Amino acid sequence: MMVPVRCFTCGKVIGGIYPTYLKRVQMGEEPKAVLNDLGLKRYCCRRMIVAHADLVDEVIPLG
Amino acid sequence: MDLKIIDMSDRHGKFVISGIRPDMANAIRRCLMTEVPKMAIENVEFHLGSIRDEEGNEYESVSPLFNEIISHRLGLVPVPTDPTLYTYKDECVCDGEGCPSCTIIYSLNKRGPGDVYSGDLEPLGGPELRVKDELIPIVRLGPGQAILAYVYAELGTAKRHVKWQVTSGTNYRYYPTVNIDLDKCEGDRACIEACPRDVLKDLDGKVAVDDLEACILCRSCEEACDVGAITVSGDDTKFLFEFETDGSLTAHQALDKALEILEQEYEEFRESVSAMETA
Ligand SMILES: [Zn+2]
Ligand SMILES: [Zn+2]
């Protein structure tokens, strides 16, 4: 579904980072470097971005 | 008590505080996490039925997510808060009706297809009320879908819900002391390589401390040293304190408020104790 707004574990706001992360990784940057650059220090926040599957498009026709 | 600020920027605070005890450091930490009030979205009024745009096109007020989930996602968006301005809704002069000193109102009006972002929240009031993180995705609307809602933010603390939590990653640790016995040290670099935080460095064939404050007291270097030339210990009167804020308050404002609340709570406690003595 949509990216969570905050990290489940620590509560840091990570929703706004996802679109930027996606764009930069698709441009060919190293995911690790992008996560570091975006200030995700803890692995709880990193997994929120890395492990996310964007599935809203599957649900839109059912709305 | 001595304070050394390492960083106190918009969303990150890091400092060294010495001459206190672990329980005092913990009181500051807990106060920062659960007692600092901020504004967060609590009520969302959705327009139901069809929505028309300026050109007369008709949209349905439906979206791929349930309204409850959209409200929850809106609630987690950090709302900029002036810590001196707002009061709790139930303690306000308006008796919980909602007025400018206890409520911030936003309007959300977006038509599909496309993403609704936190930046689409239009404040009814000054531009200083605009959400700072403008790129948080809320929902994705399909063609013919639209959202029209009035969104109300109010003051609260994280004791009620995490959406009112100002800080994240709030932590402190004992200030590290790394002792290297240069007479025993054989300079085989085993400890330098064992350290996960790159605290140690090679200095003319001997080991030296490079970045002491990065040390997390893991003692990997002690284990790696066969001759026992290196010892690591923590100082329980000196603390490395670090926290992040979600942007609704600056790190300085959050810390200020936490200390103010801590002081006020002890003052109330002292008053009730002295009232007990006279009774
Ligand atoms: Zn996290
Ligand atoms: Zn009011």
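Domain bounds come from an automatic or database domain assignment. The model is predicted: local features need pLDDT of at least 70, side-chain atom pairs count only at pLDDT 80 or more, and totals for chains, interfaces and linings use all residues. Residues are numbered from 1 along each chain as its sequence is written, while chains are lettered from A and ligands numbered from 1 in the order in which they are written.

**Figure 1. Chain B and its two domains.** Chain B is divided into domain 1 (2-35 + 168-243) and domain 2 (38-164). Between the C-alpha centres of domain 1 of chain B and domain 2 of chain B the distance is 43 Å. The C-alpha trace of chain B spans about 85 × 65 × 30 Å along its principal axes. Chain B holds five helices and 14 strands; helices (H or I, at least four residues) and strands (E, at least two) are DSSP runs, numbered from the N terminus. Chain B has a radius of gyration of 26 Å, well over the 19 Å that the globule rule gives for 279 residues, so chain B is more spread out than a compact globule. The radius is taken over C-alpha atoms, and the globule rule is 2.2 Å times the number of residues to the power 0.38. Of the 279 residues in chain B, 33% are buried. A residue counts as buried if 20 or more other C-beta atoms lie within 10 Å of its own, exposed if 12 or fewer, and partly exposed in between, with C-beta atoms placed from the backbone. Among contacts in chain B with a separation of 6 or more, 68% are between residues 24 or more positions apart; two residues are in contact if their C-beta atoms, placed from the backbone, lie within 7 Å.

**Figure 2. The open sheet with strand order 1-2-14-11 in chain B.** This sheet has four strands with antiparallel pairing. Two strands pair if DSSP finds at least two bridges between them. Strand 1 (2-8) and strand 11 of chain B are the edge strands, each pairing on one side only. Neighbouring strands of this sheet are turned by 25° against each other on average, direction ignored. Helix 1 (residues 22-34) of chain B packs on the sheet and touches strand 2, strand 11 and strand 14 (230-245) of chain B. The direction of helix 1 makes about 155° with that of strand 11 of chain B. Axes are lines fitted to C-alpha atoms, for helices over the stretch in contact, and angles run from 0 to 180 degrees between N-to-C directions.

**Figure 3. Strand 1 of chain B and residue M8(B).** Strand 1 of chain B and strand 2 (residues 12-18) of chain B run antiparallel and are joined by six bridges. A hairpin of three residues connects strand 1 of chain B to strand 2 of chain B. I5(B) stands opposite F15(B) in strand 2 of chain B, and M8(B) stands opposite G13(B) in strand 2 of chain B. Strand 1 of chain B has seven residues, of which zero are buried, so this strand lies largely in the open. M8(B), a residue of strand 1 of chain B, is partly exposed, with 13 other C-beta atoms within 10 Å. Not counting residues up to four places away in sequence, M8(B) touches G13(B), A251(B) and H252(B). M8(B) and F243(B) are 235 residues apart along the chain, and their C-alpha atoms are separated by 9.7 Å.

**Figure 4. The open sheet with strand order 3-10-6-8 in chain B.** The four strands of this sheet have antiparallel pairing. Its edge strands are strand 3 (38-46) and strand 8 (121-123) of chain B, each of which pairs on one side only. From one strand to the next the twist averages 30°. Nine bridges link strand 6 (residues 103-111) of chain B with strand 10 (residues 146-156) of chain B in the antiparallel sense. L108(B) stands opposite A149(B) in strand 10 of chain B. Helix 2 (residues 67-75) of chain B lies across strand 3 and strand 10 of chain B, and runs at about 160° to strand 3 of chain B.

Figure 5. Chain A has four helices and zero strands. The C-alpha trace of chain A spans about 35 × 30 × 15 Å along its principal axes, and 30% of the 63 residues in chain A are buried. In the interface, 21 residues of chain B are in contact with 18 residues of chain A. Strand 9 (137-141) and strand 11 (167-180) of chain B each supply at least two residues of the side of chain B that touches chain A. The largest share of that side, three residues, comes from strand 9 of chain B. The residues of the side of chain B that touches chain A comprise 10 nonpolar, six polar and five charged. Ala, Val, Leu, Ile, Met, Phe, Trp, Tyr, Cys and Pro count as nonpolar, Asp, Glu, Lys and Arg as charged, and the others, Gly among them, as polar.
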